[in-house]
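Student: Please show me the structure, and then tell me where each label comes from. I would like to see the values set against the definitions.

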Amino acid sequence: MDIQGDSAKPWEAAAALVRAAQSGDALAMDELLTLVAPYVTRLCRPIAPHDVPDAVQDSLLAVFKGLRTLRDPLAFYGWVRTLTVREAVRVARRTAVEEPADPADLARLGPLSTGADGELPADVRDALSRLPVRHRAVLVLRELEGLDEAAVAELLGVAPGTVKSRLHRARSSFRKAWSR
């Protein structure tokens, strides 16, 4: 089955693999996990910077274990994002290396944008690693993933007002550094 054709959209290609993996095809499951691993890594790196391998492994394991519960194969990437953020936050909280952001270090930063390869610049990753997990997760989901506050609130299981206040505090750390 050739699902890598140029005309297939990524979620359509993943949906075909999801269906095959849900019906017990081990090779499809392997290919699906290989396909989604870079996306999972990109989400985990800024949320759990001190334990990226653990966060990625826990996230992929959650995908593997829970795939049969996914009802709509076309919703695979959104479902993976939900699992990954949840696992990355859990891993980051477990290791709890939360240092306050140093304004002097933050002064080097520009806007939160990824490079051509989808990776964050090292100085942005460094600054994000110093923010509290709750602020890091909200900032990544809002600014990098482009989710609105309601979607972030649902994904993290908190009230929309909580998301807004956390987002305000996270952005404030960056703004203070930019004004210097």
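**Labels and their cut-offs**

Tutor: Leaving out residues up to four places away in sequence, Ser-59 touches Val-40, Cys-44, Leu-83, Thr-84, Glu-87 and Ala-88. A contact is a case of heavy atoms within 4.5 Å. The model is predicted, so local features need pLDDT of at least 70 and side-chain atom pairs count only at pLDDT 80 or more, while totals for chains, interfaces and linings use all residues. Residues are numbered from 1 along each chain as its sequence is written, and side-chain values use heavy atoms, with hydrogens and water left out.

Student: Why is Ser-59 called buried?

Tutor: Buried means under 20% relative accessible area, exposed means over 50%, and partly exposed is in between (1.4 Å probe, protein chains only). Ser-59 has a relative accessible area of 0%, so the word is buried. Ser-59 is found in helix 3.

Student: What is the word for Val-52, which has 14% relative accessibility: buried or exposed?

Tutor: Val-52 counts as buried, because 14% is its relative accessibility and the limit is under 20%. Val-52 also lies in helix 3. Apart from residues up to four places away in sequence, Val-52 touches Thr-41 and Arg-45. Thr-41 and Val-52 are eleven residues apart in sequence, and their C-alpha atoms are 7.3 Å apart in space.

Student: How many helices and strands does the chain have?

Tutor: The chain has nine helices and zero strands. Both kinds are DSSP runs numbered from the N terminus: helices are H or I with at least four residues, and strands are E with at least two. Written from the N terminus on, the order is α-α-α-α-α-α-α-α-α.

Student: How do you know that the span of helix 7 agrees with what it should be?

Tutor: The expected span is 1.5 Å times one less than the number of residues. Helix 7 has twelve residues and should span 16 Å; its end C-alpha atoms are 15 Å apart, which agrees. Its buried residues are Val-133, His-135, Arg-136, Ala-137, Val-138, Leu-139, Val-140 and Leu-141. Helix 7 is followed by Gly-146, whose phi is positive, near 75°.

Student: What makes His-135 count as buried?

Tutor: Its relative accessible area is 8%, and buried means under 20%. Beyond its neighbours within four places in sequence, His-135 is in contact with Arg-166, Arg-169 and Ala-170.

Student: Which residues have the most contacts inside the largest nonpolar core?

Tutor: They are Leu-32, Leu-67, Phe-76, Trp-79 and Val-80, in a core of 48 residues. The term covers a set of buried Ala, Val, Leu, Ile, Met, Phe, Trp, Tyr and Cys residues joined through side-chain atoms within 4.5 Å. Helix 2 gives the largest share of this core, ten residues.

Student: Why is the pair of Phe-76 and Tyr-77 called edge-to-face?

Tutor: Rings of Phe, Tyr and Trp (its six-membered ring) pair if their centres lie within 6.5 Å; planes under 30 degrees apart count as stacked, over 60 as edge-to-face and the rest as tilted. Phe-76 and Tyr-77 are 5.7 Å apart centre to centre, with 70° between the planes, so edge-to-face is the word. Phe-76 and Trp-79 form a tilted pair, at 6.2 Å and 35°. Phe-76 and Trp-79 lie three residues apart in helix 4, about one turn of the helix. Tyr-39, Phe-76, Tyr-77 and Trp-79 form one aromatic cluster.

Student: What makes Tyr-77 count as partly exposed?

Tutor: Tyr-77 has 22% relative accessibility, so it counts as partly exposed. Phe-76, at 1%, is buried.

Student: Where is confidence lowest in the chain, and where is it highest?

Tutor: Confidence is lowest in helix 5 (residues 103-106), at a mean of 43, and highest in helix 3, at 95. pLDDT is the predictor's confidence in each residue, from 0 to 100. Over residues 1-6 the pLDDT is below 50, and over residues 176-180 it stays under 50. The mean for the chain is 79, with 73% of its residues at 70 or more.
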